[in-house]
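The points below are meant to be read with the model open.

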There are 6 protein chains.
Amino acid sequence: MPKTIAAFGEVMMRLQVPGYDLLTQASTLNYSFSGTGVNVASALARFGHTGALVTRLPVGPLGDAAAAYLRKLGIEAEADFVLRGGNYLGLYFLENGFGARPSRVTYTNRLESSFNTAPEGTYDFDRIAASVDAVHFCGITLAMNDGVRSHMKNLANAVKSLGGKVIFDCNFRPSLWGEKGHNAAKPHYEEMLELADIVFMNEKDAMFTLGMGTSAEGREERLAELIPAVAKQYEISTIAGTHRDIHGDNSHSLRGFLFKEGHFTHSERLRFSVYDRIGAGDAFASGIIHGELEQFEPERTVNFAAVAGMLAHTVAGDTPMASEGDVIRAMENSIGDVER
Amino acid sequence: MPKTIAAFGEVMMRLQVPGYDLLTQASTLNYSFSGTGVNVASALARFGHTGALVTRLPVGPLGDAAAAYLRKLGIEAEADFVLRGGNYLGLYFLENGFGARPSRVTYTNRLESSFNTAPEGTYDFDRIAASVDAVHFCGITLAMNDGVRSHMKNLANAVKSLGGKVIFDCNFRPSLWGEKGHNAAKPHYEEMLELADIVFMNEKDAMFTLGMGTSAEGREERLAELIPAVAKQYEISTIAGTHRDIHGDNSHSLRGFLFKEGHFTHSERLRFSVYDRIGAGDAFASGIIHGELEQFEPERTVNFAAVAGMLAHTVAGDTPMASEGDVIRAMENSIGDVER
Amino acid sequence: MPKTIAAFGEVMMRLQVPGYDLLTQASTLNYSFSGTGVNVASALARFGHTGALVTRLPVGPLGDAAAAYLRKLGIEAEADFVLRGGNYLGLYFLENGFGARPSRVTYTNRLESSFNTAPEGTYDFDRIAASVDAVHFCGITLAMNDGVRSHMKNLANAVKSLGGKVIFDCNFRPSLWGEKGHNAAKPHYEEMLELADIVFMNEKDAMFTLGMGTSAEGREERLAELIPAVAKQYEISTIAGTHRDIHGDNSHSLRGFLFKEGHFTHSERLRFSVYDRIGAGDAFASGIIHGELEQFEPERTVNFAAVAGMLAHTVAGDTPMASEGDVIRAMENSIGDVER
Amino acid sequence: MPKTIAAFGEVMMRLQVPGYDLLTQASTLNYSFSGTGVNVASALARFGHTGALVTRLPVGPLGDAAAAYLRKLGIEAEADFVLRGGNYLGLYFLENGFGARPSRVTYTNRLESSFNTAPEGTYDFDRIAASVDAVHFCGITLAMNDGVRSHMKNLANAVKSLGGKVIFDCNFRPSLWGEKGHNAAKPHYEEMLELADIVFMNEKDAMFTLGMGTSAEGREERLAELIPAVAKQYEISTIAGTHRDIHGDNSHSLRGFLFKEGHFTHSERLRFSVYDRIGAGDAFASGIIHGELEQFEPERTVNFAAVAGMLAHTVAGDTPMASEGDVIRAMENSIGDVER
Amino acid sequence: MPKTIAAFGEVMMRLQVPGYDLLTQASTLNYSFSGTGVNVASALARFGHTGALVTRLPVGPLGDAAAAYLRKLGIEAEADFVLRGGNYLGLYFLENGFGARPSRVTYTNRLESSFNTAPEGTYDFDRIAASVDAVHFCGITLAMNDGVRSHMKNLANAVKSLGGKVIFDCNFRPSLWGEKGHNAAKPHYEEMLELADIVFMNEKDAMFTLGMGTSAEGREERLAELIPAVAKQYEISTIAGTHRDIHGDNSHSLRGFLFKEGHFTHSERLRFSVYDRIGAGDAFASGIIHGELEQFEPERTVNFAAVAGMLAHTVAGDTPMASEGDVIRAMENSIGDVER
Amino acid sequence: MPKTIAAFGEVMMRLQVPGYDLLTQASTLNYSFSGTGVNVASALARFGHTGALVTRLPVGPLGDAAAAYLRKLGIEAEADFVLRGGNYLGLYFLENGFGARPSRVTYTNRLESSFNTAPEGTYDFDRIAASVDAVHFCGITLAMNDGVRSHMKNLANAVKSLGGKVIFDCNFRPSLWGEKGHNAAKPHYEEMLELADIVFMNEKDAMFTLGMGTSAEGREERLAELIPAVAKQYEISTIAGTHRDIHGDNSHSLRGFLFKEGHFTHSERLRFSVYDRIGAGDAFASGIIHGELEQFEPERTVNFAAVAGMLAHTVAGDTPMASEGDVIRAMENSIGDVER
């Protein structure tokens with residue numbers, strides 16, 4: 001049965017140099033609007049749910065363009081959720097890498113954005129909480145500033161108190177936390193983990209952000225040791241995440257895991273060509289959320305999520321475009337010829 | 001010595017989303033005009049023959065644009081062959097797949113096209129037959145409706161009665177035959193096979209369309225058993241076809257065969273990167289026709305055809321662009337550096 | 001106070017040759033989705049109302065792209081209104097004229113579209129009628145076929161019976177009615193006029209479609225004589241329309257009228273440069289509907305509508321993009337410098 | 001009754017900066033292939049004749065692209081007419097002007113082109129002459145070098161001796177004749193005029209190239225005095241030409257004349273917006289040739305030609321795109337609304 | 001004799017929606033880098049001088065792209081002038097208006113830009129002053145913040161003390177000065193006027209920014225009264241400016257004045273079509289500076305400047321592209337045909 | 001410590017068909033300006049040096065565009081180095097290959113270019129030599145004509161006599177030397193080798209151009225035998241070069257060597273995906289020059305050069321875009337994820 005899930009997060013304008021040119025070489029940019037919350041709400045809408053976004057956009061042409069784009073993605077963007085106010089929209093420039101040359105992302109001053117400067121009292125959290133089954137947050141938002149963190153925690157509490165589920169994606173970006181890095185982040189992460197029912201992370205988050213020790217050596221071994229410890233310590237019912245390998249020939253490998261009721265379930269290890277890497281983690285997360293809300297078997301959930309993640313690497317833009325049907329077809333089929 | 005070959009078939013407008021975007025993401029389309037007959041006539045023109053197309057285009061801007069495009073491809077598009085009448089042009093939308101995401105083709109209602117609604121008496125088959133050495137048909141055209149099938153058979157008979165060669169590509173598209181599928185198709189295929197001198201097919205056509213049984217298990221074994229049986233039953237002098245494998249890294253493998261005078265000749269198995277898959281089968285067929293008309297040795301014919309097929313995967317659009325010289329250079333060379 | 005207005009009509013794909021090229025010259029097309037209903041619903045949404053569209057789109061990539069486009073335009077496209085079914089989307093090609101060379105529109109076979117083949121019982125008219133304040137129809141839809149006409153009349157009756165307003169734009173396209181033309185159309189127009197509260201037309205519709213005689217000679221004189229007669233005969237409370245002049249220098253003149261409670265009110269005569277002429281009539285109609293629903297003074301209504309019509313000529317695409325604020329600013333200002 | 005007309009002339013590649021950018025600002029170019037002969041042959045094909053081009057193109061990708069482009073334009077480009085040989089294609093860069101800023105054309109070294117280096121004996125003039133009703137030359141070609149001039153005169157003589165018509169467009173480009181200018185040109189012009197049946201020129205050609213004196217003062221007066229004198233001196237049966245005025249608002253005025261059997265006939269003076277000015281003179285010439293070959297009344301001929309010239313200003317590229325029907329519709333109509 | 005002129009000012013990234021689309025309609029942007037200082041330095045380089053820019057750009061891809069763009073424009077961008085530091089580049093979005101719909105500019109938070117956050121001591125003003133003949137400032141820069149104003153005044157003093165000329169363009173942008181507007185601005189303007197040798201302004205600046213009273217009524221009369229008063233009060237040797245009228249048909253009129261040694265000299269009143277309005281004032285200013293530095297007669301100076309201003313409306317982008325030769329040709333010629 | 005290096009060579013306009021289309025399929029071209037000298041000067045500028053180009057460009061729009069492009073690349077393009085004169089710019093068309101289909105380059109007649117027709121006395125070699133630390137030449141320039149060869153040798157002698165280093169890249173292009181090929185080239189190559197301090201070549205140049213015999217069989221063995229012999233015979237202090245392998249999957253392998261003071265040093269063998277192959281050899285050469293001028297250890301030099309070469313395959317255009325920092329990061333890292 002379809003659910004209503006709200007994601008709380010910033011909408012950013014993505015300004016991408018076409019093809020593989022650098023900013024010094026080109027003269028045009030492709031633009032779209034994205035963000036972790038956008039990606040998750042849109043993916044869940046494509047899986048048959050109502051995916052809403054709780055955010056704040058500036059008044060004026062940029063805010064209008066962003067709102068229109070959200071609606072096009074199928075996101076519930078009614079005025080209760082998508083507020084208008086403040087002056088600026090965060091934006092980032094993307095230069096696609098090729099082979100040995102990595103992609104580069106250059107942010108403009110997002111801290112002054114409408115979202116990141118929303119004053120206390122901007123959102124009516126009780127009303128939002130009353131209309132949703134679950135709410136999604138991520139570590140990028142958590143890195144912004146105290147005002148945003150306060151919104152996050154208030155919304156999480158409001159949803160939790162009405163029986164909704166709280167979802168948290170750890171998503172640690174070192175450049176956003178400044179010099180103190182993990183130390184600055186840890187207390188805020190802990191607060192969110194204590195509120196959360198479903199958490200996205202892997203062993204690195206446990207080690208570096210939460211500072212948990214391990215004597216295990218391999219990536220898999222550390223995961224097996226640390227994830228159950230996190231689940232126990234913060235009383236989290238579901239933890240999921242991925243291990244990714246990047247190969248030299250423009251392909252990646254991805255293997256997802258789901259830890260639930262004391263057991264790990266792993267997806268198949270998928271290897272695939274990559275067209276647009278950004279946002280693929282959000283597709284995996286959306287797949288897990290879908291499986292959990294629809295009460296799939298763990299194996300189906302984690303494979304659905306991994307394939308959703310894989311497909312998100314095959315479309316342009318940050319935002320996953322695959323429907324539930326597309327994911328299921330890809331789970332069932334090997335690589336196919338033209339569909340006519 | 002150059003020959004004149006007419007292909008009978010529909011011209012469709014191909015509307016392709018640029019790059020790897022979906023129709024919901026993009027706002028522009030690239031268009032061109034193609035069809036099996038277009039591809040074969042154009043390829044044969046590039047191999048030095050006169051490649052004509054027998055078809056019917058609507059009056060008006062779309063028909064004008066299609067006719068100009070045919071001329072640009074080097075197709076003989078004089079008024080005896082390319083008639084103008086009726087109202088519509090069939091068209092299809094193409095969204096390119098990437099890696100694990102397959103390409104998607106969406107047709108519009110082609111059954112109302114000028115070609116598919118051409119009344120009896122539209123074409124002057126005797127005049128056409130008098131001016132060609134061979135005529136090419138395909139299974140896609142055969143799937144359209146009784147009117148078109150009647151045109152096909154009349155033209156085939158007219159050419160045969162004047163001593164020209166009849167070429168038939170089995171080319172079965174399940175979605176065009178409706179629920180009854182192979183059963184509906186079989187009698188029409190049999191009529192065409194009985195008229196044909198050169199046929200393109202492989203063991204699947206024998207098994208599924210013609211309903212021939214086999215106890216062999218592998219693809220190669222079934223081919224070895226069934227193709228001679230087809231040749232015998234329908235008195236076909238030459239049968240050719242390919243086996244294709246699709247790999248995960250955006251490459252395909254292709255191996256062609258030619259069955260003639262009781263013997264199979266196989267091409268080398270070629271593996272290559274794919275840029276545009278559509279229409280590559282027509283390039284292989286054109287290579288076989290060229291070899292047969294020019295009386296190449298079977299080994300040269302089948303290798304020429306396989307390399308022509310391979311090269312057709314490396315250019316945009318449905319229509320092969322390689323000249324005879326390009327094919328021969330590619331047969332002789334390994335992958336090379338820039339040609340200056 | 002914002003209202004909810006549903007427009008009933010077909011969504012078509014517009015495939016426009018960029019710039020001023022012909023189809024035979026170019027190789028790309030810009031696409032968007034439009035239709036009278038789309039234009040009116042979108043314009044009313046920009047004026048602060050809920051603009052819904054009652055239509056039927058095919059399943060598959062074209063229907064998905066159309067639905068996403070409608071949402072982007074701000075149209076209420078929930079599943080009660082925008083149904084999915086059938087196979088095809090109507091589409092048209094547009095070649096922009098320049099100066100002495102007129103624009104050309106080439107339609108494909110729209111009669112097979114999902115909208116035009118929707119069977120009886122497709123729409124839940126009672127449910128739709130219960131959720132709207134007004135419903136909009138146009139003469140283009142009326143020209144399609146008996147099935148569509150039956151839907152129109154059923155929906156008009158359902159809305160009327162629940163106290164909603166019925167709006168009808170006469171919009172006569174000769175090419176759609178075949179040889180019998182006005183004679184074939186007249187009875188259907190009369191049925192719609194009898195149901196309608198607000199009607200868009202001018203003296204030509206009265207003379208040619210309704211066959212009303214006049215001895216007046218000038219355009220204005222005929223308007224003054226015939227519009228009151230139409231209002232009386234069909235008991236229509238509001239009739240509005242425009243007179244347009246096309247000048248040689250890429251500019252048009254437009255003057256709107258509003259006939260209501262026995263009186264004519266005329267807008268100023270506006271002269272302006274034209275960027276995209278298609279859909280501007282729908283902007284005028286939307287302005288009248290907005291004024292009527294918001295109970296503006298007649299003079300404000302007709303001037304708002306004329307300026308909305310003028311602005312619609314200044315943006316690309318069929319669909320008006322001006323907000324209520326944009327129209328009011330343009331009513332107040334003379335032509336201005338850059339807005340920074 | 002349709003005729004076969006060959007034009008003798010160079011094919012050049014036109015490399016146009018898109019929109020109104022300068023070469024220093026942009027990074028892309030639109031390319032096409034044109035030339036006076038191309039334009040005339042293509043226009044006559046659109047008027048229902050067989051328009052052939054006698055020229056020489058290089059072997060290789062540029063020659064292939066040019067040949068395909070000629071075919072697309074509807075030009076008869078069979079191997080008897082369009083020869084392949086030599087190494088280079090002439091090309092020119094075009095930066096569109098805007099308002100007070102004029103367009104700029106920059107040529108590359110065309111003297112080394114395949115056409116301009118074709119050795120004696122390249123063309124089989126007798127065979128060409130045997131298959132055409134008329135042949136067209138222009139003053140640009142005459143300016144190239146002695147080899148090309150020799151080809152011109154041989155072809156003109158061959159056609160004349162078989163009873164075909166010789167057409168010559170005076171078309172003087174000062175930059176091509178170097179310092180001696182008109183003096184260098186005069187003897188060559190006189191040779192062509194003596195061979196010609198139909199000539200395009202106006203009073204300036206008579207005064208500057210042929211060095212004829214006049215005491216008349218106005219443009220019209222000089223025309224009236226000099227054109228009959230030219231016709232008499234060189235025994236030319238038909239002389240036609242235009243007077244053009246360039247206005248500040250991106251519009252031009254054009255008035256054509258036709259002098260024949262001792263009488264002048266003038267077209268209406270047309271004023272129109274200009275989209276692409278290059279090649280419009282060739283459209284006028286083609287209109288005159290069409291009228292003469294079809295034996296129109298002089299008034300119809302000169303008006304047909306003037307409207308054909310006007311329409312050529314409304315499409316991109318050097319080459320006229322209007323069919324005979326398009327010209328006739330534009331002769332009959334005032335500026336119209338969208339054609340649906 | 002060529003001079004070296006430095007302009008002090010911010011470089012902004014201009015992100016323009018192509019054609020006439022709105023941000024909500026399009027998906028690509030054209031980008032370039034501009035600013036009053038950029039425009040003036042580039043124009044002076046095209047007039048044969050060394051045009052340098054004193055500014056600060058961020059480290060990273062955006063700063064690299066901006067620096068490359070400045071070099072391409074011909075601006076002296078050596079490390080003494082164009083410093084690298086700070087994090088952000090100011091940027092603005094431009095939606096082109098059409099006819100009755102005005103252009104819209106949307107700024108992002110430029111106050112955090114590298115230029116506007118440059119700390120004291122960033123620039124080595126003595127070294128800069130030692131290498132230039134003149135320095136240019138504008139009122140937009142003056143509106144930024146105290147830090148920037150301090151840089152301006154220090155640089156002006158440094159240049160003045162070494163005998164260089166100080167140029168100031170009043171350029172008042174209300175939106176940048178906040179609520180207090182002219183009152184906040186006046187003291188800063190007065191400081192700059194006292195330092196300046198050449199000033200760009202008109203009567204509105206005198207009235208509104210400087211608060212000078214006048215009883216004159218017409219624009220010309222006020223100019224005649226107030227400009228001499230300003231020159232006297234602030235001891236300015238040269239004041240220049242323009243009066244602009246905006247017409248409905250996409251054309252503007254411009255008339256420049258130059259007040260010097262107690263006398264006004266006016267340019268012709270020019271009327272011209274407008275392609276890109278932004279930056280044209282800087283072209284006028286550059287023309288005046290060029291005339292003054294080269295000691296033209298006042299009449300030549302003001303006409304050169306007005307024509308330079310006119311030509312700047314005919315090219316895309318903020319930055320004038322006309323060379324000295326282009327301006328002189330346009331002063332001499334009427335509107336011409338293609339230049340070949 | 002940064003040095004000043006001048007490269008002597010022609011600037012060509014590169015006209016590239018976008019994507020993987022052929023010239024017969026497309027209608028737009030991307031253009032840029034390049035050449036071995038351009039590539040080397042630009043790469044060295046990105047490594048922190050002053051990279052100047054000694055060349056001659058035509059007056060007019062093409063020369064202006066080329067000069068602006070050079071400045072954008074960061075090349076020192078002052079009037080002492082980049083002269084203006086002559087009429088033409090050499091240009092070449094590039095059709096990108098895909099997989100089994102090789103790229104094609106079609107040159108226009110570059111022999112008439114401004115560079116290749118520069119008369120004796122064009123350049124002030126003494127002044128140039130006085131301002132540089134090193135000068136770079138290549139075998140492509142050497143193939144042009146006697147005039148250019150004379151310039152090369154004069155400049156090399158001038159630099160050498162002032163103590164600067166002479167660098168020569170053997171770069172043999174068979175198509176430029178005509179039928180006599182290596183025999184025609186040998187004496188000119190020998191002259192340059194005798195002047196050179198740093199030479200780029202491999203064993204093929206020794207065998208084919210210099211005609212040196214070897215009984216060794218493998219590529220490596222021949223290199224080991226012949227390079228020391230060349231160094232000895234021509235008294236060259238440093239010789240460097242690469243061995244390249246081209247793989248079927250759009251990847252190449254590259255291994256560089258540096259022979260100096262009697263010892264070979266080899267880089268790691270790098271395998272990488274290729275985006276744009278042209279110009280990558282110049283990136284390798286620039287890396288060697290940088291290492292030599294900065295007196296890196298041989299191992300660091302050759303690995304820096306090989307990685308610089310690898311990165312040049314990952315950007316569009318002939319000209320390397322990697323900074324010294326980019327190369328060092330790529331030397332240190334394995335293939336990475338997005339850099340944010």
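1. Two strands count as paired if DSSP finds at least two bridges between them. On that basis, β3(D) and β3(F) are paired across the chain boundary: they are joined by 3 bridges and run antiparallel. Within this pairing, Asn30(D) stands opposite Thr28(F). The model is a predicted one, and the remarks that follow should be read as remarks on a prediction.

2. The β3(D)-β3(F) pairing belongs to an open sheet of 8 strands with mixed pairing. The order is β7(D)-β6(D)-β2(D)-β3(D)-β3(F)-β2(F)-β6(F)-β7(F). At the edges are β7 (104-107) of chain D and β7 (104-107) of chain F, each of which pairs on one side only. Neighbouring strands of the sheet are turned against each other by 30° on average, direction ignored.

3. For the chain F end of the sheet, β6 (residues 91-95) and β7(F) are antiparallel and share 4 bridges. Leu94(F) in this region has Val105(F) of β7(F) opposite. In a regular strand, side chains alternate between the two faces of the sheet.

4. Which elements does helix α2 of chain D touch on the sheet? This helix (residues 61-72) packs on strands from both chains: β2 (12-16) and β3 (28-34) of chain D, together with β6 and β7 of chain F. Its direction makes about 65° with that of β3(D).

5. What relates chain F to chain D? A rotation of 180° with 0.0 Å of shift along its axis superposes chain F on chain D, at an RMSD of 0.0 Å. That is the relation of a two-fold axis. In chain F, the C-alpha nearest the axis belongs to Leu29(F), at 2.6 Å from it. The same surface serves both copies, since 100% of the contact residues of chain F recur in chain D.

6. The contact between these chains involves 22 residues of chain F and 23 residues of chain D. On the side of chain F that touches chain D, the elements giving two or more residues are β3, α2, β6 and β7 of chain F. The most comes from α2(F), with 5 residues. By class, this side of chain F has 10 nonpolar, 8 polar and 4 charged residues.

7. Chains D and E are related in another way. Chain D can be laid on chain E by a turn of 120° and a shift of 0.0 Å along the axis, with an RMSD of 0.0 Å. That is the relation of a three-fold axis. The contact takes 20 residues from chain D and 17 residues from chain E. The side of chain D that touches chain E has 8 nonpolar, 6 polar and 6 charged residues.

8. In chain C, strand β10 (residues 198-200) and strand β11 (residues 238-246) run parallel and are joined by 3 bridges. Ile198(C) stands opposite Thr238(C) in β11(C). β11(C) also pairs with strand β12 (residues 251-260) of chain C, here in the antiparallel sense over 9 bridges. One of the positions in that pairing is His243(C), whose bridge partner in β12(C) is Arg255(C). β11(C) and β12(C) form a hairpin with 4 residues between them, and Asn250(C) in the turn has a positive phi of about 70°.

9. Is Ser253(F) buried, exposed or partly exposed? Ser253(F) is found in strand β12 (residues 251-260) of chain F. It is partly exposed because 15 other C-beta atoms lie within 10 Å, whereas 20 or more would be needed for a buried residue and 12 or fewer for an exposed one. Leaving out residues up to four places away in sequence, Ser253(F) touches Arg244(F), Asp245(F), His247(F), Arg269(F), Leu270(F) and Arg271(F). The C-alpha atoms of Ser253(F) and Met310(F) are separated by 8.9 Å, with the two residues 57 apart along the chain.

10. As to annotation, an unreviewed UniProt entry gives "domain: Carbohydrate kinase PfkB" for residues 4-320 of chain A. Over those residues the chain is 38% helix and 24% strand. The end C-alpha atoms of this stretch are 18 Å apart.

Conventions: Residues are numbered from 1 along each chain as its sequence is written. Chains are lettered from A and ligands numbered from 1 in the order in which they are written. This is a predicted model: local features need pLDDT of at least 70, side-chain atom pairs count only at pLDDT 80 or more; totals for chains, interfaces and linings use all residues. Copies are superposed by least squares on the C-alpha atoms of residues with pLDDT of at least 70 in both. UniProt positions are given in the numbering used here, feature names are shortened, and annotations may be inferred rather than shown by experiment. Axes are lines fitted to C-alpha atoms, for helices over the stretch in contact, and angles run from 0 to 180 degrees between N-to-C directions. Two residues are in contact if their C-beta atoms, placed from the backbone, lie within 7 Å. Ala, Val, Leu, Ile, Met, Phe, Trp, Tyr, Cys and Pro count as nonpolar, Asp, Glu, Lys and Arg as charged, and the others, Gly among them, as polar.
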